[in-house]
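Q: I'd like to learn how to read a helical model step by step. Could we go through it together?

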Amino acid sequence: HRIIRDYMRREVALLLFPGRYELDVICEVLRRWQRVGQETSLVAAYRDTIRVARRRRPFAAVAQRLRRALRRTAATAAEEYDRFMRITRLHRLRPEAQIARGRKDWCRTLLRQLLVTYAGYLRNREGHPVGLEQLVGEWYDEVYSPALSAYRATDIDEPFPLVYMRWIRESRRAMIRAVKELGYVPAVPFAESFSRFLGEELSPPSTTTTQRS
């Protein structure tokens, strides 16, 4: 519930539900989540609820998008970091956790990977949605921490957050290509995928030589 409440406040979602309270909308999201058999993530159920509300109230949707854009523009990197820690409770679950500091879209990217991509991965692996503690703990132990260690073992000058975000973008493109070519997403461990990406980053670019006549 805390995750949905934080999303709602950050996105000024109550503008889409005039006359209703925050708890009313949270309950609607939970009902939608239950209707789909919890085969999707709670965040995805929230997004579906918002999409339906926008279609029903197009003028309110315009106002909500403008307010959301203003809030995102005004948010600082430190505020996004605090939001990430507040939602994930990472410092309570992993007191030794180290999350690098980056620009303000950095923690948004991590949160999206955690709550959407990795939550979907664990749901498919376990056959059911997992709790927040398991989700956050496994993401940090199996994805983020190994990636940070692998990065530190290299001599890459680019800051870790930028490298990590480029890996996420490349992984997304690779997934789309795999679906088009194979019809499914091949299971590749996250840590292995990041290490492979680092290897490609460190490899010298291939050059081709041409003979001039």
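Q: Where do the axes of H1 and H5 run relative to each other, and at what angle do they cross?
A: Bear in mind that this is a predicted model. Start with two numbers for a helix pair: the approach of the axes and their crossing angle. Here the axes of H1 and helix H5 (residues 77–88) come within 10 Å and cross at roughly 155°. Angles over 145 degrees count as roughly antiparallel, so H1 is roughly antiparallel to H5.

Q: Which residues of H1 and H5 meet?
A: From H1, the residues are Arg2, Ile3, Asp6, Tyr7 and Arg10, and they meet Glu80, Arg83, Arg86 and Ile87 of H5. Sorted by class, this contact holds three nonpolar and six charged residues, with no polar ones.

Q: Which residues of H1 are buried?
A: Helix H1 covers residues 2–10, and its buried residues are Ile3, Ile4, Asp6, Tyr7, Met8 and Arg10. For the protein chain, 39% of the 213 residues count as buried.

Q: What should I look for in the backbone at the ends of helices?
A: Most residues other than glycine have a negative phi. After H1 comes Val12, with a positive phi near 50°. Arg89 is not a glycine either, yet its phi is positive, about 55°. Arg89 sits in the loop between H5 and helix H6 (90–93).

Q: Which side chain does Arg173 join in a polar contact?
A: For a side-chain pair, read the partner and the distance together. The side chains of Arg173 and Glu170 are joined by a polar contact of 3.2 Å. Arg173 is in helix H9 (residues 160–182), and its relative accessible area of 44% makes Arg173 partly exposed.

Q: How many helices and strands does the protein chain have?
A: Zooming out, the protein chain has 10 helices and zero strands. Contacts tell you about the fold too: among those between residues at least 6 apart in sequence, 66% join residues at least 24 apart. As for the surface, the protein chain exposes about 12,900 Å², and carbon and sulfur atoms supply 53% of it.

Note on methods. Residues numbered from 1 in each chain as written. Predicted model: local features only at pLDDT ≥ 70, side-chain atom pairs only at ≥ 80, totals over all residues. Heavy atoms only, no water. Helix = DSSP H or I, 4+ residues; strand = E, 2+ residues; numbered from the N terminus. Buried < 20%, exposed > 50% of the residue type's maximum accessible area, 1.4 Å probe, protein only. Contact = heavy atoms within 4.5 Å. Areas by Shrake-Rupley, 256 points an atom, 1.4 Å probe, with all protein chains shown as cover. Axes fitted to C-alpha atoms, helices over the stretch in contact; angles between N-to-C directions. Parallel < 35°, antiparallel > 145°, perpendicular 65-115°, else oblique. Nonpolar A, V, L, I, M, F, W, Y, C, P; charged D, E, K, R; others polar. Polar contact = N/O pair within 3.5 Å; in protein donor to acceptor, adjacent residues only side chain to side chain.
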